Amino acid sequence: MIFKLLHFLPPSSYRRLVVLPCLLLGLSGLWACSESTPAVAPEFGLIDADASYATRSLYQNLNRLSPDHVLFGHQDALAYGVLWEGDVDRSDIRDVTGSHPALYGWEIGDLELGAAENLDKVNFVRMQEWIRAAFERGGVTTISWHMNSPVTGANAWDTRPTVAKILPGGSHHEVLVNYLDAFIEFNKELIYFNRNGKERSIPIIFRPWHEHNGDWFWWGKGSTSEADYIALWRFTVDYLRAQGVNNLIYAFSPDRSRIDLKHFARDYLYGYPGDDYVDVIGLDNYWDLGHPANKAPVEQQRRDFAQSLKNIVEIAHKKNKIAALTEGGLDKLGNPHFWSETMLPAVEAKEDMRGLAYIMMWRNANREREGRDHFYVPYKGFEGAADFIKFVRSPLVLLEQELPNMYLRPRNVD
Ligand code: BMA
């Protein structure tokens with residue numbers, strides 16, 4: 001019995017602090033923790049009770065690593081870099097550090113239209129190959145979706161009202177269902193064979209309907225009500241689960257620019273679909289990392305950035321979930337000390353914010369194809385690469401080569 005109970009204890013010391021006193025009181029015969037005792041933290045585990053073994057293992061391992069490490073991720077890492085495109089097994093991160101990132105972000109906008117490529121010209125079949133290859137190497141995948149409006153047919157940035165019409169009973173509900181089905185089909189190709197030769201799905205951190213507290217997407221504030229946004233999120237999760245999808249870890253990711261740090265929890269939780277519908281307490285934060293519209297002095301922005309991470313970690317602890325910087329970075333890396341002076345101190349401030357599982361920087365657009373500079377991590381030849389090396393050398397920061405097996409269940413947990 002004790003053994004079993006201990007199995008349920010989540011690893012972080014914060015949680016032990018909350019759970020252990022109640023447990024010990026219970027074992028010594030004083031069964032009821034008095035009413036003044038803080039509530040026992042909710043049990044740690046995915047919202048999907050039917051999630052696959054590997055998916056649960058990934059979640060447990062992200063949690064287990066989070067006190068002392070943070071996985072470093074990059075969007076579109078394997079598809080192209082600033083100065084190359086389509087090379088085999090290449091990433092700007094590897095060019096600069098010798099290892100691919102620990103986490104890969106992919107974007108499936110336009111998949112729902114039956115297109116061969118996403119909105120940034122990444123071929124979907126190749127994307128599936130890259131996801132399978134990354135999994136085989138031990139890396140982690142996260143997927144976002146700039147979905148076109150099922151009502152107007154225009155892109156994600158068309159802010160004309162859409163959400164109410166795509167909810168169950170709405171005039172365009174079937175279109176949404178078809179779009180979700182396109183993802184289900186795509187997901188069916190994200191497979192591997194386990195030790196017994198059985199086909200299994202690759203675990204994916206799925207991050208739909210992101211930055212909804214901003215007013216730039218059709219699912220965002222201003223274009224839809226909070227209640228409808230929540231209904232959309234819940235329908236998405238319920239539908240995917242009902243269709244037997246069992247390899248998803250669901251990430252919620254509001255945008256920092258629309259959050260008042262003085263009222264962080266209140267603003268962050270706008271549109272929060274509930275603890276039964278979210279696994280990752282994420283945040284997209286470009287704002288504190290030198291966003292051109294942020295006029296606060298750089299030192300203030302640094303403090304705010306660290307504070308914003310601390311805040312999501314706090315919320316995640318209370319909910320017994322993991323936290324992540326789901327998107328962020330400084331476009332074009334204009335600050336030569338960005339990594340050593342902004343990112344590193346923020347993730348190293350882990351004494352009081354252990355529990356940040358991963359951070360992901362946005363994409364390095366290919367200069368030639370897109371005809372512009374739009375990048376968030378250094379590339380080979382970029383003069384700021386040395387500063388980035390200082391950052392990745394921190395024992396806190398994990399690249400793919402440094403990962404333990406993320407898909408095996410850690411001992412003594414769950
Ligand atoms: C944005 C930019 C765009 C891109 C979009 C979706 O932040 O990078 O160029 O099309 O994300 O990936």
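## The big picture

Keep in mind that this is a predicted model. The protein has 13 helices and 11 strands. Of its 414 residues, 57% count as buried.

How much of the contact count comes from residues 24 or more positions apart? Taking the contacts with a separation of 6 or more, such residues account for 74%.

Rolling a probe the size of a water molecule over the atoms shows where empty space is left. The largest pocket comes out at a volume of about 560 Å³. Its lining is made of 26 residues, and the ones nearest its centre are Tyr286, Glu327, Trp362, His374 and Tyr376.

The second largest pocket has a volume of about 420 Å³. Here 16 residues form the lining, with Tyr53, Tyr192, Asn194, Tyr407 and Leu408 nearest the centre. Helix H3 (53-65), helix H5 (124-137) and strand S4 (191-193) are the elements that each give two or more residues to this lining. Sorted by type, the lining has 8 nonpolar, 5 polar and 3 charged residues.

How many cavities of 30 Å³ or more does a search of the whole structure find? The search turns up 1. The largest cavity has a volume of about 40 Å³.

Around the largest cavity you'll find Leu333, Asn335, Pro336, His337, Phe338, Trp339, Pro378, Phe382, Gly384 and Asp387. That lining divides into 6 nonpolar, 3 polar and 1 charged.

Is H3 enclosed or open? Since 10 of its 13 residues are buried, H3 is largely enclosed by the rest of the structure. The buried ones are Ala54, Thr55, Ser57, Leu58, Tyr59, Gln60, Asn61, Leu62, Asn63 and Leu65.

Now find helix H13 (residues 385-393), where Ala385, Asp387, Phe388, Ile389, Phe391 and Val392 are buried. The buried residues of H13 pack against strand S1 (70-75), helix H4 (92-97), helix H11 (338-348), strand S10 (356-361) and strand S11 (397-398).

Where does Ser149 sit? Look in the loop between strand S3 (140-144) and helix H6 (163-166). Ser149 has a relative accessible area of 0%, so it counts as buried. A polar atom of the Ser149 side chain lies 3.0 Å from the backbone nitrogen of Thr152. Setting aside neighbours within four places in sequence, Ser149 is in contact with Ala154, Asn155, Thr162, Tyr179 and Trp218.

Asn311 lies in helix H10 (residues 298-319). Why does Asn311 count as buried? Its relative accessibility is 8%, and buried means under 20%. Not counting residues up to four places away in sequence, Asn311 touches Leu261 and Phe264. Ala323 is 12 residues away from Asn311 along the chain, and their C-alpha atoms are separated by 9.5 Å.

## Two positive phi angles

Most residues other than glycine have a negative phi. Now check Asp110: its phi is near 95°, a positive value in a residue other than glycine. Lys121 has a positive phi too, near 70°.

Asp110 lies in the loop between strand S2 (103-107) and H5, and Lys121 lies in the loop between S2 and H5. Which of the labels, buried or partly exposed, goes with Asp110? At 19% relative accessibility, Asp110 counts as buried, because the cut-off for buried is under 20%. Lys121, at 49%, counts as partly exposed, because exposed means over 50%.

Note on methods
Residues are numbered from 1 along each chain as its sequence is written. This is a predicted model: local features need pLDDT of at least 70, side-chain atom pairs count only at pLDDT 80 or more; totals for chains, interfaces and linings use all residues. Side-chain values use heavy atoms; hydrogens and water are left out. Helices (H or I, at least four residues) and strands (E, at least two) are DSSP runs, numbered from the N terminus. Buried means under 20% relative accessible area, exposed over 50%, partly exposed in between (1.4 Å probe, protein chains only). A polar contact is a pair of N or O atoms within 3.5 Å; within protein, one must be able to donate a hydrogen and the other to accept it, and residues adjacent in sequence count only if both atoms are side-chain atoms. Contact means heavy atoms within 4.5 Å. On a 1 Å grid over the protein atoms alone, a cavity is a set of points where a 1.4 Å probe fits but cannot get out, and a pocket is an open set with protein on both sides within 12 Å along at least five of seven lines; lining residues have an atom within 4 Å of a point. Grid points are joined across faces, edges and corners, and a volume is the space filled by probe spheres set on the points. Ala, Val, Leu, Ile, Met, Phe, Trp, Tyr, Cys and Pro count as nonpolar, Asp, Glu, Lys and Arg as charged, and the others, Gly among them, as polar.
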